[in-house]
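Have a look at the structure first, then work through the points below.

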Amino acid sequence: MNIGWRPPAGAKKAAKSASVVEPLAKPISLPTEGTKLRDLTARSKVFVLRAVLVAACDCLDTYVAELVKTPWLKIDASTADICTKAVTKPGKIAWSLAERYTALCTALQIPSMEGRCAIVALGSRWRNALVHAEGAKFDLDSSDRQTLTSNADGLCKAGFIVTQALERFKNGSDPTLKDVTTIVSYSQELCAAIDRCAIARVMSQSSEVERFLLERLKIHFKSRGRVDDFWGIHRDQEWDMEKCAKVRPAERTERASERI
């Protein structure tokens with residue numbers, strides 16, 4: 001932040017005359033009693049788990065909106081409108097995060113993603129209830145609840161039990177470590193599947209990906225001026241096709257990254 005600050009008048013004189021310098025902050029004294037210390041640790045853990053869940057859901061929200069706005073992926077306009085919330089459902093009801101992911105998976109024809117989209121629904125509802133503490137509503141659409149229970153056998157990563165997580169959510173409890181890590185893990189799998197399918201739909205061959213990558217790199221560095229503006233050292237030869245004809249674009253990118 002660009003902030004200007006001027007010391008108060010007579011600051012040097014006041015500093016010289018001060019006999020005792022107060023510390024900026026007093027040392028934190030942890031409770032000596034075991035019960036209080038365990039309580040402090042538990043509250044810290046709850047805070048971290050809440051923060052991770054909130055951050056994960058916010059990232060999911062950003063990802064789905066940015067992906068459909070990427071021109072070269074050629075996502076149809078109606079799906080893009082849903083995923084960016086440019087339109088609403090009948091009755092002016094906003095599309096939920098899980099519904100936007102479901103719409104995108106349908107448009108990309110990705111099979112067997114219902115369970116993971118329902119996991120996103122659970123995570124986002126839990127996130128909303130934790131953020132809006134005073135008006136918290138621990139409710140989940142019956143369709144999402146049904147999808148989770150019917151897919152419970154396939155959503156058991158690391159011993160996760162769907163019915164127990166749903167019960168904790170229904171009771172307004174904080175998510176456990178397993179709840180948060182499982183929601184994040186399945187959400188990552190969902191995004192990875194979307195990535196693979198979205199790219200393969202417009203570029204089915206690895207050679208097409210290579211050509212696209214090279215063109216995007218050329219555009220990127222041309223827009224920044226000389227390559228040394230980016231690296232601090234002039235490295236035109238890294239992008240010279242005649243000098244590096246036998247070096248694949250992805251490998252040149254990796255070499256360049258190592259020098260940054």
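**Helix packing, aromatic rings and one leucine**

Helix α5 passes helix α8 in a left-handed crossing (left-handed if the near helix is turned anticlockwise from the far one by less than a right angle, right-handed if clockwise). Keep in mind that this is a predicted model, where local features need pLDDT of at least 70, side-chain atom pairs count only at pLDDT 80 or more, and totals for chains, interfaces and linings use all residues. Residues are numbered from 1 along each chain as its sequence is written, and side-chain values use heavy atoms, with hydrogens and water left out.

**How α5 meets α8**

- Helices here are DSSP runs (H or I, at least four residues), numbered from the N terminus.
- α5 covers residues 114-131 and α8 covers residues 177-202; they pack at an angle of about 135°, with their axes 9 Å apart.
- Axes are lines fitted to C-alpha atoms, for helices over the stretch in contact, and angles run from 0 to 180 degrees between N-to-C directions.
- α5 and α8 are therefore oblique to each other (under 35 degrees is roughly parallel, over 145 roughly antiparallel, 65 to 115 roughly perpendicular, and the rest oblique).
- On the α5 side, the contact (heavy atoms within 4.5 Å) is made by R116, C117, I119, V120, G123 and W126, and on the α8 side by D179, I183, Y186, S187, E189 and L190.

**Rings that pair up**

- The count comes to 4 aromatic pairs, using rings of Phe, Tyr and Trp (its six-membered ring) with centres within 6.5 Å; planes under 30 degrees apart are stacked, over 60 edge-to-face, and the rest tilted.
- One of them is W72 with F212, a tilted pair at 4.4 Å centre to centre and 45° between the planes.
- This pair links distant parts of the chain, 140 residues apart: W72 sits in the loop between α2 (34-68) and α3 (77-83), and F212 in helix α9 (residues 206-223).
- F138 and F169 make an edge-to-face pair, 5.6 Å centre to centre with 65° between the planes.
- Ring pairs also link W126, F138 and F169 into a cluster.

**A look at L155**

- L155 lies in the loop between α6 and α7.
- With a relative accessible area of 1%, L155 is buried (buried is under 20%, exposed over 50%, partly exposed in between, with a 1.4 Å probe and protein chains only).
- Leaving aside neighbours within four places in sequence, L155 touches G115, R116, I119, L148, F160, V162 and Y186.

Notes: Helix = DSSP H or I, 4+ residues; strand = E, 2+ residues; numbered from the N terminus.
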